[in-house]
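Visitor: I'd like a close look at one part of this model, please, and then a walk from there into the rest of the chain.

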Amino acid sequence: MARKIFQSEVVLEEWNGSSSLELRKTAILSASPSLLIQRSGSRFRLVGRRFFDAFVPEGFPSSVTPDYVPFQIWDSLQGLSTYIRTMLSTQALLSAIGVGEQSATVIGATFQGSNLDSNAKMWRLVADFMNDLGMLMDLVSPLFPSAFMLIVCLGSLSRSFTGVASGATRAALTQHFALQNNAADISAKEGSQETVATMIGMAIGMLLARITMGCPLAIWLSFLSLTLFHMYANYKAVCCLSLTSLNPQRCSIALQHYIQTAQVLSPQQVSKMEHVLPAWASSWSLRSIKLIHTRVRLGVRVSSLHHTEIKELLHLAGANNNDKKEKYLLVEREGTISVIVQKDATANDIFQSFVHALVMAYVPDQESRHLESMSWMDKHYECFIEKLKISGWKTDRLLSPSVCWRANWGSRKTD
């Protein structure tokens, strides 16, 4: 009697979620006999989940305490009553401004989320720029009576986004300053400092308003001069920060220097080298600097890759399944390194995957990138991590936007 022969094929599953504990399978990919992508779930469900994630913390409900939900329900209800009373007691203009502000708040929290933490310096500057822009619109609005409502609403949108970005980055910086678990004390003292600065500013502002009264040119010159000084002071403030957490840019700077010199830069040294302005604003100064982190895509959605990349991934998944089990896969196309994170990967695994991708992007020879980067990781990764810790860096996780797309791979028997 002939024995039935089974063959095995590599299967790659795509998962989506805001945390490793809240994942949903969205697709299954296989390459036998040809590339096949089977999607599960509907687009409406993904859109609905995206909408839900705009209002709850990442990883909800496992990322918060049990009393979070009842507190937020009652807090929202009391806030609702306040807004209703405000609507009844204000004019339509203020109501329109309020709606614009709330919309900007939700949109900002939805589309930036944890990116505010990973780029705290940049978003602090962006927040202040948006606040200045809102004030400028308020000053310009009387000059355009026909577009007064539109300009005022745009100004309120800018200031509302300022509140989202400024609040989130302030929390991240407060945690950075708190060496003795004294974040609450630091936050309270910062409030006192701002109160004093506000009182002094009001006094000087009233004096300046009296001096420039009836002179539009003097008002504009004073406003623009103070705005430039405001942005300069904020830029100098964020440049003073020596954050010890590793985001993609700081990790890239530290790794490139280590590969070249076998020495790890301190947080103070890296802070002098990193760019705090948005990419579009600082591109002119980056032409002579090779920032390899810009060529790494962390947490890529598998089904969004090119077919050639998916086939290479399936091949790598099969090799990884038989060899040592890394919690990530790397695939390169046109100089860009895509990182596919496994479903149950930890924060340390994600950190390791990003470092591996940086090393792979640093290797100039495209043909030997995989082998050379794997060799470097085997020989130097542990030493690199230890030297980072000695230099004062936090290596427990990479401070990056949340990895929402993950994957799982293995083999299954076929006839």
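**The largest pocket and its surroundings**

Guide: Helix 5 (120-140), helix 6 (148-177), helix 7 (183-212) and helix 8 (216-239) each give at least two residues to the lining of the largest pocket. Helices here are DSSP runs of H or I with at least four residues, strands are runs of E with at least two, and both are numbered from the N terminus. A pocket is an open set of points on a 1 Å grid over the protein atoms alone, where a 1.4 Å probe fits, with protein on both sides within 12 Å along at least five of seven lines; a lining residue has an atom within 4 Å of a point.

Before going further, please keep in mind that this is a predicted model: local features need pLDDT of at least 70, side-chain atom pairs count only at pLDDT 80 or more, and totals for chains, interfaces and linings use all residues. Residues are numbered from 1 along each chain as its sequence is written, and side-chain values use heavy atoms, with hydrogens and water left out.

The pocket has a volume of about 1,400 Å³, taken as the space filled by probe spheres set on grid points that are joined across faces, edges and corners. Of its 37 lining residues, those nearest the centre are N131, A197, T198, H230 and N234. Helix 7 supplies the largest share of the lining, 13 residues.

The UniProt record, an unreviewed entry, places "transmembrane region" at residues 139-157 and 207-232; its positions follow the numbering used here, feature names are shortened, and annotations may be inferred rather than shown by experiment. In the model, residues 139-157 are 63% helix and 0% strand, with end C-alpha atoms 15 Å apart. For residues 207-232 the figures are 88% helix and 0% strand, and the end C-alpha atoms lie 23 Å apart.

Now to the largest nonpolar core. Such a core is a set of buried Ala, Val, Leu, Ile, Met, Phe, Trp, Tyr and Cys residues joined through side-chain atoms within 4.5 Å, where buried means under 20% relative accessible area, exposed over 50% and partly exposed in between (1.4 Å probe, protein chains only). It holds 35 residues, and F351, V355, W376, F384 and L388 touch the most other members. Helix 9 (248-261), strand 5, strand 6, helix 13 (347-362) and helix 14 (369-390) are the elements giving two or more residues to this core, with helix 13 providing the largest share, nine. Apart from this core lies another, of 15 residues, including A27, V300, V302 and L305.

Helix 13 also carries Q352, which is buried at 18% relative accessible area. Leaving out residues up to four places away in sequence, Q352 touches E326, Y328, M377 and Y381, contact meaning heavy atoms within 4.5 Å.

Strand 5 (residues 328-333) has five of its six residues buried, so the rest of the structure largely encloses it. It pairs with strand 6 (residues 336-341) in the antiparallel sense over six bridges; pairing requires at least two DSSP bridges. At 68% relative accessibility, E334 counts as exposed.
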